[in-house]
Amino acid sequence: MLTRRALIGGAGVALALAAGRGGAAPLAKVKALGTLRVIVYQDNRPWSWEEGGKIVGLDADLAQAIASRLGVRADVAQLVADESADDDLRNGVWKGGLLGFMPGDLMLHVPFDRTFAARNDQVAIIAPYYRESFALAGSGGAVALEGMPTEWRGRKLAAELDSIPDFYLTGSFGGVLAKDVVHYPTGSAAVAAVLAGQADAVLASRAQIEHGLHGAGAGRVTLRKGPLPAFTSPGWDIGMAVKENSRTLGDAVEEIVTAMAASGEMKALFARYGVNWTAANAAG
């Protein structure tokens, strides 16, 4: 007759054997512990930020939705961005960071890119859930939004420091706009500057701009409709990452994300933050 101690010990051995096979253990472990540790970026509106001592935003809500469907609790932790997304994967997923930062079972807001994935073989990049792009917004009375960038000379142009929008505004067209660019620590802060009347136009991610306009309810600030001349970024897919040996967890998460997209739940989640959800190209 098996004792309770023997049953517990047997369960532990089964979990260890599964881990050795590199297959079923990660998802089984998450369910056994009852917690999914999800890593999001710190100060990354509208995706994740802290408000009233709580982590909120699109990615925070998505983390809760995924954990709920797995039947576990979401433990959402914030990661301070390092020098590169490769470093972030090391700190957030497969190794951990300085000062004892624990890696997560799942990390959100990861570039879903084949070249990027190939050089990060310690992780599996999965579940593309949004197609991001850059956009220009400003006051039509102050900036000719549909005009050529050279027409914006003398206007305050907001951009996140050392970002693609920053490089575009300061370096394109012979650098004629370089003196007009005002730098901010984040794209969201640059959007807020335009909404507050401290800048005339902003070049930032579409999600950052749409969220800012939604929160402010500002009718005087609008988006440029046409493409930006000589702007080389066509947009990019955003996905998630799990450890390379956590494929079972990755498969389960992909099924959840696909179902949320098909049911309209993903669109509704984004709409709560004023962001128009666009399916990732890689999602098919």
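User: Which residues form one aromatic cluster?

Analyst: In this predicted model, the cluster is formed by F134, Y168, F173, F231 and W236, and the structure as a whole holds nine aromatic pairs.

User: Why is the pair of W47 and Y129 called edge-to-face?

Analyst: The ring centres of W47 and Y129 lie 6.4 Å apart, and since rings pair if their centres lie within 6.5 Å, the two count as a pair; their planes stand at 75°, and an angle over 60 degrees is classed as edge-to-face, so the pair of W47 and Y129 is edge-to-face.

User: What makes this a pair that links distant parts of the chain?

Analyst: W47 lies in the loop between β1 (35–41) and β2 (49–51), whereas Y129 belongs to strand β6 (residues 123–132), and the two are 82 residues apart.

User: How do you know whether W47 and Y129 are buried or exposed?

Analyst: Buried means under 20% relative accessible area; W47 has a value of 2% and is therefore buried, and Y129, at 2% relative accessibility, counts as buried too.

User: How do you know that the charged end of R37 sits over the ring of F101?

Analyst: The charged end of R37 is 5.4 Å from the centre of the F101 ring, against a distance limit of 6 Å, with a further limit of 35 degrees from the ring normal, and the contact is listed as a charge over a ring.

Key: Residues numbered from 1 in each chain as written. Predicted model: local features only at pLDDT ≥ 70, side-chain atom pairs only at ≥ 80, totals over all residues. Heavy atoms only, no water. Phe/Tyr/Trp six-rings, centres within 6.5 Å; stacked < 30°, edge-to-face > 60°. Helix = DSSP H or I, 4+ residues; strand = E, 2+ residues; numbered from the N terminus. Buried < 20%, exposed > 50% of the residue type's maximum accessible area, 1.4 Å probe, protein only.
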